[in-house]
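Reader: I have a model open and would like to walk through it with you. Could we take it one piece at a time?

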Amino acid sequence: MPTKTHRSTKVSPVTGGKNAAQKRGKHSLVIRVHRKRKTPKTSRSSCAPMGSPVMSWELQEAAAPCFPAMAETYRFLEFFAGGGMARAGLAPDWNSVWANDFSPEKASAYRKNWGGGELHVGDVAAVNLLSLPSADMVWGSFPCQDLSQAGGQSGIGNAHDETFTRSGSFWPFWRLVARMSPPMVVLENVEGALRANGGADFRALCSALSQARYLFGPLILDAVHWLPQSRKRLFIVAVREDVPIPNHMMALLPDAFCHPKAVEEAYASLSAEVSEKWIWWSVCPPCVDRPRVESLIGDADQWVDWDSSEKTGYILSLMNPLHRKKVRDAQRLNRRVVGFAYRRTRAGRQRAEVRFDGVAGCLRTAGGGSSKQIVVEVNGETVRTRLLSPREAARLQGLPDTYWLPPDYNEAYDLVGDGLSVPVVRFLGQQLLTPLASVIPRRRVATA
Ligand SMILES: C[S@@+](CC[C@H](N)C(=O)[O-])C[C@H]1O[C@@H](n2cnc3c(N)ncnc32)[C@H](O)[C@@H]1O
């Protein structure tokens, strides 16, 4: 947690005399800006209401436009469960009947939030097939470190050599799934998994699905359609060949909403045999009022405090002229505006890069080697900075404030940063997974 300092700032230009910043305390920096006009023209889209509160689960439920909630509860197994964001998004239509993760910290958070009688802590490679209950679906958010840009892209390895990479834990997971053969499988990972290692990892995933007699299709869903966070994730939805998929759920062609160019390229790179199993899933783009970022970012809390004015001045000094101008432009709005900054190394130099487009950058964990996201709050002449708090990160993932977070900053941040965005999972559940589960031939699903 940053420490408070009470020395006066030397960063210029700073106003003298009494001002709002002084009334707010020492943790703010006042920068006078040249004002072009008093009230700037702003456009307001109907999908971004001013000052909307944190969206409650009930509200999000009501906002889902395409499918009514179904009464039946389906069963799923939650592999690589982390903090249980898959079950948060799939409830109440889906019931997590078994979960696994090998991290004691994640397991403790999972238990605090969900009770966790169904949680089995340990390496997926040690899971016994016979211990798995029957289920309609298996969800697998396997580790992304070796498939993301930050992680060096050593990939998932291959079925016989999985011990060399963290993402290679896909293979022991997959051996269980292939032998269990549930009617539906969802694989989730970073968007970069499509192109990692020249597409070899994605082709390996597709071949594994095809050999296990699944039809499958990937979707890239960006959390920004539901939340003020830019976060693209790959979801591969696979359905066992004997499940009669309703025609209206499949399209003949890709849809720009969930099938960007990288998906088309990945499809084109598959062998004829594997691409025969491919499905272009048809989904109805969401129509949700995204909460405004200012409504999710609050004041200092148990994890974070505002930076001293010296530290804020230092962060601003790391900005190049373009990013300093963004701060000045935000000041000219003369109201509270929240932006986000990351520290990056550019051409061997430390830089701070800020955005004020109402969207936070993708949450990442320290394990990915990236810096922590910084909140830059501008209110007229006053500028304050601090680290994004784990509670705010949780809100940016669509988790309600009742979701329990560990007291330790890094542990809490990693838990949330590693997780799924809840409304994205809910969307997938309502648009594809629940309707598909409703057509599974029931005789194939034991009641355990
Ligand atoms: C990308 S995170 C999934 C997060 C989860 N879907 C959520 O929303 O919170 C991957 C998870 O896999 C777990 N994990 C990684 N390797 C594992 C292994 N070999 N066995 C079991 N769990 C593993 C990690 O502890 C981490 O929680």
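This is a predicted model: local features need pLDDT of at least 70, side-chain atom pairs count only at pLDDT 80 or more; totals for chains, interfaces and linings use all residues.

Reader: Thanks! How far apart are the end C-alpha atoms of helix α14 (residues 422-437)?

Author: Helix α14 has 16 residues. If straight, at 1.5 Å a residue, α14 would reach 22 Å. The model falls short of that, as the end C-alpha atoms of α14 are separated by only 20 Å.

Reader: At which residue does α14 bend?

Author: Here the angle is taken between axes fitted to the seven residues ending at a position and the seven starting there. For α14 this gives a bend of about 50°, and the residue is G429.

Reader: How many residues of α14 are buried?

Author: A residue counts as buried if 20 or more other C-beta atoms lie within 10 Å of its own. By that test α14 is mostly covered, and of its 16 residues the number buried is 15.

Reader: Let's turn to the strands. Which strand is joined to β14 by six bridges?

Author: Strand β14 covers residues 382-387, and six of its six residues are buried. Its pairing with β1 (residues 29-30) is antiparallel over two bridges, with V30 as the bridge partner of T382. The six bridges, also antiparallel, come from residues 374-379, which is strand β13.

Reader: Is S181 buried, exposed or partly exposed?

Author: S181 lies in the loop between α5 (170-180) and β6 (184-190). Beyond its neighbours within four places in sequence, S181 is in contact with A212 and R240. A residue needs 20 or more other C-beta atoms within 10 Å to be buried, and 12 or fewer make it exposed. S181 has 14, so it is partly exposed.

Reader: Last one: which class supplies nine residues of the shell around the ligand?

Author: The ligand is surrounded by 21 residues, and the closest are F80, G82, M85, S141 and G419. Both α3 (85-90) and β3 (94-101) supply at least two residues of this shell. By class, seven of the shell residues are polar and five charged, while the nine are nonpolar.

Definitions and conventions: Residues are numbered from 1 along each chain as its sequence is written. A residue is near a molecule or strand if its C-beta atom, placed from the backbone, lies within 6 Å of it. Helices (H or I, at least four residues) and strands (E, at least two) are DSSP runs, numbered from the N terminus. Ala, Val, Leu, Ile, Met, Phe, Trp, Tyr, Cys and Pro count as nonpolar, Asp, Glu, Lys and Arg as charged, and the others, Gly among them, as polar. Two residues are in contact if their C-beta atoms, placed from the backbone, lie within 7 Å. Two strands pair if DSSP finds at least two bridges between them. The expected span of a helix is 1.5 Å times one less than its number of residues.
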